[in-house]
6 protein chains.
Amino acid sequence: MFDATKTNRAYCGIPTFLRADLCALGGEIPTDAMAVLGIPFDEASPFMPGARFAPRSLREHSLRFSPQSYYDMTSDRTYLTDAVTGRAIVDAGDVDVVPVNVAATHHNITEAVAVLLAADAIPVVLGGDHSISFPVVSAFQRPIHVIQIDAHLDFAPITDTLTYTNGQPFRHISNLPQVQSVTHIGARSLRIREAEYRDTLAAGNRIVGMDEIRETAIEDWLGHIPADASVYLSVDIDAFDMSLVPGCVSGEPDGLDYRQMRSLLKAIVARFDLVGFDLVEINPQLDVATGATSYLGAQVLVELMGYRLAKVRMSELAN
Amino acid sequence: MFDATKTNRAYCGIPTFLRADLCALGGEIPTDAMAVLGIPFDEASPFMPGARFAPRSLREHSLRFSPQSYYDMTSDRTYLTDAVTGRAIVDAGDVDVVPVNVAATHHNITEAVAVLLAADAIPVVLGGDHSISFPVVSAFQRPIHVIQIDAHLDFAPITDTLTYTNGQPFRHISNLPQVQSVTHIGARSLRIREAEYRDTLAAGNRIVGMDEIRETAIEDWLGHIPADASVYLSVDIDAFDMSLVPGCVSGEPDGLDYRQMRSLLKAIVARFDLVGFDLVEINPQLDVATGATSYLGAQVLVELMGYRLAKVRMSELAN
Amino acid sequence: MFDATKTNRAYCGIPTFLRADLCALGGEIPTDAMAVLGIPFDEASPFMPGARFAPRSLREHSLRFSPQSYYDMTSDRTYLTDAVTGRAIVDAGDVDVVPVNVAATHHNITEAVAVLLAADAIPVVLGGDHSISFPVVSAFQRPIHVIQIDAHLDFAPITDTLTYTNGQPFRHISNLPQVQSVTHIGARSLRIREAEYRDTLAAGNRIVGMDEIRETAIEDWLGHIPADASVYLSVDIDAFDMSLVPGCVSGEPDGLDYRQMRSLLKAIVARFDLVGFDLVEINPQLDVATGATSYLGAQVLVELMGYRLAKVRMSELAN
Amino acid sequence: MFDATKTNRAYCGIPTFLRADLCALGGEIPTDAMAVLGIPFDEASPFMPGARFAPRSLREHSLRFSPQSYYDMTSDRTYLTDAVTGRAIVDAGDVDVVPVNVAATHHNITEAVAVLLAADAIPVVLGGDHSISFPVVSAFQRPIHVIQIDAHLDFAPITDTLTYTNGQPFRHISNLPQVQSVTHIGARSLRIREAEYRDTLAAGNRIVGMDEIRETAIEDWLGHIPADASVYLSVDIDAFDMSLVPGCVSGEPDGLDYRQMRSLLKAIVARFDLVGFDLVEINPQLDVATGATSYLGAQVLVELMGYRLAKVRMSELAN
Amino acid sequence: MFDATKTNRAYCGIPTFLRADLCALGGEIPTDAMAVLGIPFDEASPFMPGARFAPRSLREHSLRFSPQSYYDMTSDRTYLTDAVTGRAIVDAGDVDVVPVNVAATHHNITEAVAVLLAADAIPVVLGGDHSISFPVVSAFQRPIHVIQIDAHLDFAPITDTLTYTNGQPFRHISNLPQVQSVTHIGARSLRIREAEYRDTLAAGNRIVGMDEIRETAIEDWLGHIPADASVYLSVDIDAFDMSLVPGCVSGEPDGLDYRQMRSLLKAIVARFDLVGFDLVEINPQLDVATGATSYLGAQVLVELMGYRLAKVRMSELAN
Amino acid sequence: MFDATKTNRAYCGIPTFLRADLCALGGEIPTDAMAVLGIPFDEASPFMPGARFAPRSLREHSLRFSPQSYYDMTSDRTYLTDAVTGRAIVDAGDVDVVPVNVAATHHNITEAVAVLLAADAIPVVLGGDHSISFPVVSAFQRPIHVIQIDAHLDFAPITDTLTYTNGQPFRHISNLPQVQSVTHIGARSLRIREAEYRDTLAAGNRIVGMDEIRETAIEDWLGHIPADASVYLSVDIDAFDMSLVPGCVSGEPDGLDYRQMRSLLKAIVARFDLVGFDLVEINPQLDVATGATSYLGAQVLVELMGYRLAKVRMSELAN
């Protein structure tokens with residue numbers, strides 16, 4: 001969709017992510033592409049709903065970044081050069097959400113991600129509330145480690161009646177046979193139940209709290225995952241300090257600042273083989289009018305794409 | 001909860017409806033009371049969610065009316081005198097919503113309404129989105145006629161995947177054996193599908209469009225329901241013209257003004273035995289900051305209660 | 001402040017009403033001027049406060065009208081020509097509000113209005129909540145009739161503890177010796193207490209409800225006030241239908257539309273000697289983001305000024 | 001873009017208008033199609049800017065209508081059947097706005113519309129502020145009549161410094177050689193300057209005020225335009241009563257209700273050859289959170305498309 | 001009110017604080033309970049009013065925490081276990097505010113707190129604006145020290161006209177005979193007047209500015225209060241950095257982050273006998289739509305309750 | 001305008017900056033005064049417009065500070081004593097913005113600033129978007145250095161069509177003959193294009209990124225400007241971390257906190273001869289409802305004025 005001869009102000013044009021080409025799921029996904037997939041689902045929200053509008057809002061704010069590349073002044077490096085025009089990034093549109101039918105919606109999600117994986121694409125998932133991570137991860141066949149950056153554990157017990165809320169996805173994920181480990185980074189909320197804490201540790205998972213983040217090195221928390229392992233990363237925007245995410249209903253104090261997040265994203269991409277990622281829990285309905293939370297989320301996604309593609313290119317050069 | 005020795009400003013106090021006593025569902029519901037029941041459910045919302053907060057908001061705005069009575073200048077009559085202190089109105093709290101589990105939530109709704117009906121109370125239901133009317137009406141055992149005041153028909157076909165959205169409740173209701181008829185008043189939206197229109201007529205139901213409302217008399221549209229029949233009334237706030245309901249996501253132009261609504265409410269109470277009613281589709285998350293839509297909704301409920309209790313009293317006097 | 005050589009976009013410049021000259025109260029008020037006086041007081045608000053910001057907001061929206069004149073297409077007449085440049089309109093700034101000290105604030109209000117009256121100016125008062133009308137009217141010495149256009153009566157009983165809320169000003173006003181009558185136009189709220197209704201009638205006042213407005217002629221409701229009597233007019237913005245005033249906390253359904261209001265304003269100016277007026281209960285904190293309610297309020301004021309000055313000029317010509 | 005096998009909730013999917021196919025301007029526009037063109041330009045806004053986001057918002061709200069057809073219960077007719085799938089409606093995306101360069105932006109607008117006209121398409125233009133109508137109309141080569149439904153005249157004098165504000169487009173348009181007449185319908189604002197009024201009449205144009213709309217028949221106001229003449233229609237959303245358009249900065253009281261607008265749209269399509277139309281002055285930044293003003297605007301466009309295509313089909317059948 | 005058999009989503013149910021039992025002030029307050037008391041008063045607000053809605057909003061957001069306990073991952077401790085079901089926490093409802101009558105309201109506040117103190121309860125006060133701390137503290141009979149965490153000193157001179165604004169409470173408090181000292185923590189605003197600063201020091205009080213907080217240890221600032229002294233704590237939400245409190249009108253830059261606040265709260269509870277506390281100056285009318293400021297306030301209260309009850313239990317065990 | 005006998009609540013009175021006297025540009029500007037000049041222009045905004053309302057909003061929030069002086073507790077110093085009453089600060093009103101005519105607006109800006117400079121006043125400029133800095137700086141005749149505190153460089157290439165957006169002003173400024181250097185402090189956005197970075201360095205300018213700010217001393221970054229040089233300072237509010245400026249459309253993460261900004265402002269005033277300054281990019285239309293961003297901006301301006309006048313006085317004393 002990008003046309004370099006135009007001015008391309010962010011308020012102009014049909015919004016795909018970064019003005020990437022819109023690709024239907026049936027066959028045109030370029031191999032190895034980062035394929036953006038929206039999942040506008042928020043029926044599992046525990047308090048104020050509205051995250052269903054985040055895929056649309058993230059795409060709109062992504063247009064504030066140049067589709068041609070971005071420049072990181074600090075490292076004097078340019079990222080994403082020609083990624084959009086060269087179809088290293090495409091937009092696969094949204095999953096079809098079936099209202100009040102969580103089974104059908106989960107089925108559609110898993111199927112859509114499976115199509116992307118079958119094309120050897122890297123799914124870049126735009127939530128939605130956090131419940132969507134479970135059907136997304138379910139689509140992966142190969143063994144993966146899951147890293148969750150989040151103020152909460154989302155590891156609530158599963159009961160007969162409460163099964164697919166956004167407090168439970170990582171218990172479901174931890175139970176998947178292909179998932180080797182779950183690592184919770186940034187957990188700190190007083191709303192985490194003790195049972196969640198005990199159960200995820202008992203399941204062999206790893207929790208990294210804010211004190212650890214402040215006082216120890218990243219290698220200390222990520223050492224339990226083998227280097228170059230396949231990693232799926234799930235970023236809940238509430239991992240950030242609540243002052244940075246006014247449009248996130250589950251914002252919590254004492255969270256990550258941007259530099260901490262950036263270091264973490266860089267380290268994860270550098271050490272592991274990032275095979276997919278999601279960003280969840282932005283609620284544009286309730287955000288401040290400038291859309292600051294969506295902008296921040298779009299930047300996280302753009303940087304992750306940048307680091308991931310830079311790594312691919314370096315490794316291509318190395319061959 | 002009401003204490004006549006206090007000033008009772010609307011911003012003071014724990015908000016039950018009209019400061020009525022809070023009654024648990026297990027046994028303390030006074031016979032013949034109007035029992036307010038909140039159903040904070042909006043997972044079936046087709047566009048912007050948030051109606052789950054309406055029971056809370058309706059109760060808060062109800063406090064702007066006096067719990068001691070209200071006076072209608074036009075008719076020089078006083079309504080609801082001693083209704084709250086005499087427990088002719090009580091607040092039964094909210095139904096327990098089970099997130100992302102529509103079956104469990106519907107079960108809880110039907111059960112809660114059944115408890116009220118078992119106590120010979122009149123359920124005054126605060127939605128939620130319109131999907132809640134189906135499990136509410138399901139609780140009625142005796143034959144009833146259903147009147148829906150709404151810009152839409154909510155009679156969408158039921159499919160394997162789409163079953164309990166807020167576009168379908170009146171098809172479900174129409175299929176209930178105890179429901180003798182459904183009367184749709186105020187239907188006008190361009191989003192009504194032709195199939196809905198044909199199917200509800202085919203099912204023997206009645207549609208009253210805006211032209212009929214403007215040009216013919218109420219008796220013309222309600223004559224198909226026997227006098228003194230048991231009637232359940234469901235009011236979607238979008239029946240009003242959209243200019244009156246900025247906090248309703250499904251607002252439509254060319255709707256009812258307040259006088260038309262009031263005439264309708266009065267006529268329905270006068271002609272029939274109103275055995276329960278609901279008010280749905282107010283979204284306080286998205287309303288204007290003055291909460292105008294919740295205030296309007298609270299007034300509709302207060303008037304309906306007033307007319308219903310006045311009728312009871314007159315008939316009591318007549319005996 | 002008006003400079004005709006400038007473009008004068010509404011968002012430019014220090015906002016006095018209609019860019020009129022700012023006149024300190026001590027002596028520079030031109031004789032016979034309409035003198036705008038802000039009373040940013042809302043401590044008497046019964047629900048959501050914020051009307052204290054209305055004087056500022058009304059001045060800002062007044063700048064959307066031309067300071068040079070306005071043209072009424074329907075009557076093909078031009079109003080307010082040279083009123084600002086000729087200092088027939090001036091802005092006297094705001095009354096000094098003393099927080100949490102209603103006696104001191106009332107004193108300041110009455111004194112400020114008295115200064116304007118001493119200069120033979122016509123006070124054009126920008127509220128504030130409706131409680132401010134009492135200290136304003138208190139400043140008048142000569143016999144006056146008071147007309148209140150309002151959805152409510154504001155005639156609540158005065159008790160030891162509740163004295164100066166915005167539900168009581170017209171009882172205070174009715175008790176003032178110089179006030180010959182109070183006429184309540186547009187009363188309709190279900191929140192009017194029966195005691196208010198009975199008491200104001202008992203005091204010899206007149207109520208004009210919506211049915212009367214719709215079905216009878218203005219002369220029928222205003223006939224009890226002698227032609228050419230001195231009249232003070234108090235307009236509560238909630239007289240309008242609530243759909244027109246989203247930024248008014250006390251908005252009520254079934255209210256005046258704009259044409260009804262305009263007819264009323266014209267009739268009052270034509271029949272009586274309008275010696276002052278106020279506009280109250282706009283809450284800019286809670287208005288829709290376009291400021292629609294303030295704009296509507298500013299237009300009401302501009303029209304009233306236009307009619308009042310047109311009458312003066314015609315009578316000047318007649319001499 | 002429309003896929004009938006999906007649920008297609010309005011919050012899902014990349015938003016083109018009605019999920020119509022996105023067509024680049026260079027050649028793929030189907031002949032005789034209605035081609036939606038966004039012009040996200042608001043630099044000419046006289047008060048609060050933000051209308052640049054209306055094309056995006058109108059597309060999003062258009063998704064609430066079915067892309068398969070819409071049903072009008074009143075007339076028992078179905079409109080737009082297969083219009084999207086049959087490419088009778090396409091979306092041509094947005095004009096490239098060049099910031100702070102009105103000449104370049106106007107050039108881009110005129111050129112884009114010219115491309116559509118060259119393809120024999122009917123431009124369906126989504127503003128933007130009202131200044132965009134001038135460069136749009138400039139693209140027409142054949143003689144046309146222009147009808148403007150608007151609370152204002154937008155016929156302000158053109159000066160050396162003030163040239164392309166949104167107060168002036170219809171003076172520019174009236175000066176175009178291909179424009180045979182301008183008809184202003186709904187004009188009523190007190191902010192209309194007398195010079196505008198006199199000048200447009202002097203130019204041979206026609207003004208239809210609210211009294212005329214209420215008291216006379218449509219044929220009385222449209223009779224000066226020859227039957228079947230080519231007509232370009234420009235709808236300013238502020239033609240509606242301000243209570244219906246909280247997200248329009250220039251809203252005015254005493255405006256059109258929806259039925260009046262609908263009658264007008266039907267009459268214009270029925271009598272004339274509608275060769276293009278625009279809808280302007282919705283400001284989504286400032287609208288109520290439900291987006292009511294955008295929804296209303298989308299409905300106006302959908303109805304206009306429906307009437308226009310129905311007429312084509314009837315005439316096709318007639319041949 | 002808490003029913004452990006329910007799902008208890010935060011949007012369900014009549015909101016008392018943490019779903020604690022609602023206890024009327026006349027006699028049912030359990031001994032030693034923490035008794036929540038709302039004071040919905042904001043007439044003393046110096047700029048934008050609206051804090052009157054904070055008791056309601058704080059209760060609503062408190063429901064996001066579990067009524068059964070909360071778990072602190074860092075210390076691996078559980079707090080508030082059975083506090084609600086065991087009635088160690090109750091909700092005493094709201095003080096009756098008498099509008100525009102500060103004397104009557106203050107009287108009601110002092111009386112309500114006195115009732116709680118007479119029952120040996122610990123008042124947990126939900127403001128309102130900061131002026132309410134004076135009538136609250138007035139109810140204490142025994143000698144107490146007062147600690148204020150606040151960006152301001154609120155120690156403005158008292159004059160004939162300005163007496164009970166929210167700029168003056170701590171001067172009134174400092175003058176109370178039972179108050180042994182006032183300690184101002186977090187003071188930093190440029191709006192603090194020099195006279196306030198000089199006067200509070202002259203009265204023997206202690207100011208702890210942000211530099212001291214950053215550079216010295218808590219014991220350095222609290223050493224002047226005897227260990228185990230009775231302490232009343234007043235927390236103005238503006239003590240936090242303004243980035244954390246978008247819904248606080250008096251937010252100031254360079255404030256406390258959450259960890260600093262938490263350390264402070266823990267230290268105060270650990271060292272002293274906390275006999276009551278308040279949280280003030282949250283304005284839900286103006287907060288971001290997610291209610292972030294109310295959530296943060298609720299968390300401060302929940303933690304304070306947790307620390308206070310944990311201390312009681314430990315000391316009970318020690319006996 | 002300031003009257004010390006009044007209470008002067010921030011919501012009272014016609015808002016000039018700090019209640020300073022309003023001085024027309026034609027001659028009454030006191031020599032050496034700090035002259036506040038509003039430039040309500042935002043047509044160059046690249047995303048969401050609305051900064052045109054910032055001059056009005058900054059003036060309104062300035063009233064929350066005392067016009068008589070402000071006290072800095074940390075340094076135990078009082079600033080701005082008698083500055084308003086002694087006319088060391090005046091308000092020169094707003095530049096006349098000519099809509100959709102950037103040349104005319106720029107001309108008016110440059111001319112207005114030139115008038116202030118001719119009076120030996122120090123312009124204190126209230127933007128507006130950042131494009132206004134170019135016509136402001138153009139008015140200076142003597143050699144100056146320009147310091148820009150900003151998350152961006154605003155040094156985009158100038159093309160035939162894109163010339164005066166808010167991404168370009170510092171390239172224009174850098175090209176002015178009187179400008180000796182441009183120093184960009186706080187640059188960090190990923191939206192900075194590499195070309196901007198390379199070009200400004202190539203032009204001999206200096207960039208100070210966030211790492212440098214955190215790790216090196218101010219003298220390290222300002223050493224290239226001669227001591228006591230004439231400096232014009234332009235502060236983009238987005239230099240602050242985005243958590244502090246919810247009402248700034250271009251907010252970016254990882255920005256300055258308030259203490260860093262304050263140190264910077266003090267250092268700049270101390271080292272150089274500050275000959276003028278601006279504050280830009282606050283968007284009150286989109287700010288949180290408390291107006292936090294405007295308040296923060298007003299405080300930056302008040303402090304800058306305080307430091308600047310304190311320096312003047314000290315140097316006066318030294319003579």
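# Salt bridges, ring pairs and contacts in a predicted model

In this predicted model, Arg52(D) and Asp42(D) form a salt bridge whose closest N and O atoms are 2.8 Å apart. The pair links distant parts of the chain, with Arg52(D) and Asp42(D) ten residues apart in the loop between strand E2 (34-39) and helix H1 (54-62) of chain D. Arg52(D) is buried, and Asp42(D) is buried as well.

Chain D also holds a salt bridge between the side chains of Arg308(D) and Asp273(D), at 2.9 Å from N to O. Arg308(D) belongs to helix H9 (residues 292-318) of chain D and Asp273(D) to strand E11 (residues 273-280) of chain D, so this pair ties together parts that are 35 residues apart in sequence. Arg308(D) is buried, with a relative accessible area of 9%, whereas Asp273(D) is partly exposed at 26%.

In chain B, a salt bridge joins Arg198(B) to Glu194(B), with 2.8 Å between the closest N and O atoms. These two residues are four places apart in helix H5 (residues 194-202) of chain B, so about one helical turn separates them. Arg198(B) is partly exposed, with a relative accessible area of 35%, and Glu194(B) is partly exposed at 28%.

| Pair | Closest N to O distance |
|---|---|
| Arg52(D) and Asp42(D) | 2.8 Å |
| Arg198(B) and Glu194(B) | 2.8 Å |

Over all chains, the count comes to 92 salt bridges. A network of salt bridges links Asp211(A), Arg214(A) and Asp254(A) with Arg259(E).

Aromatic rings form a further set of contacts. Over all chains, a search of the whole structure finds 54 aromatic pairs. The ring centres of Tyr70(A) and Tyr79(A) are 5.2 Å apart and the planes stand at 20°, so the pair is stacked. Tyr70(A) counts as buried because its relative accessibility is 4%, under the 20% limit. Tyr79(A) is buried too, at 5% relative accessibility. In chain C, Tyr70(C) and Tyr79(C) form a stacked pair, with 5.2 Å from centre to centre and 20° between the planes. Tyr70(C) is buried at 3% relative accessibility, and Tyr79(C) is buried at 5%. Ring pairs also link Tyr11(A), Phe53(D) and Phe47(F) into a cluster.

Charged groups also sit over rings. The charged end of Arg52(B) is placed over the ring of Tyr11(E), 4.5 Å from its centre. Within chain E, Arg64(E) lies over the face of Tyr295(E), at 4.5 Å from the ring centre.

In chain C, strand E5 (residues 89-94) is mostly covered, six of its six residues being buried. Strand E1 (residues 21-22) of chain C pairs with E5(C) in the parallel sense over two bridges; Leu22(C) has Asp91(C) as its bridge partner. Strand E2 (residues 34-39) of chain C runs parallel to E5(C) and is joined to that strand by four bridges, with Ala35(C) opposite Val90(C).

Met73(C) lies in the loop between strand E3 (70-72) and strand E4 (77-79) of chain C. Met73(C) is buried at 14% relative accessibility and touches residues of chain D, among them Ala187(D), Ile192(D) and Tyr197(D).

The contact between chain B and chain E takes 29 residues from each of the two chains. Together they bury about 2,400 Å², 58% of it on carbon and sulfur atoms. On the chain B side, Tyr11(B), Ile14(B) and Arg56(B) lose the most area to chain E, together 34% of what that side buries. The count of salt bridges between chain B and chain E is zero.

How values were computed:
Residues are numbered from 1 along each chain as its sequence is written. Chains are lettered from A and ligands numbered from 1 in the order in which they are written. This is a predicted model: local features need pLDDT of at least 70, side-chain atom pairs count only at pLDDT 80 or more; totals for chains, interfaces and linings use all residues. Side-chain values use heavy atoms; hydrogens and water are left out. Rings of Phe, Tyr and Trp (its six-membered ring) pair if their centres lie within 6.5 Å; planes under 30 degrees apart count as stacked, over 60 as edge-to-face and the rest as tilted. Buried means under 20% relative accessible area, exposed over 50%, partly exposed in between (1.4 Å probe, protein chains only). A charge sits over a ring if NZ of Lys or CZ of Arg is within 6 Å of the ring centre and within 35 degrees of the ring normal. Two strands pair if DSSP finds at least two bridges between them. Contact means heavy atoms within 4.5 Å. Buried area is the accessible area (1.4 Å probe) that two parts lose on being put together, summed over both. A salt bridge is a side-chain nitrogen of Lys or Arg within 4 Å of a carboxyl oxygen of Asp or Glu.
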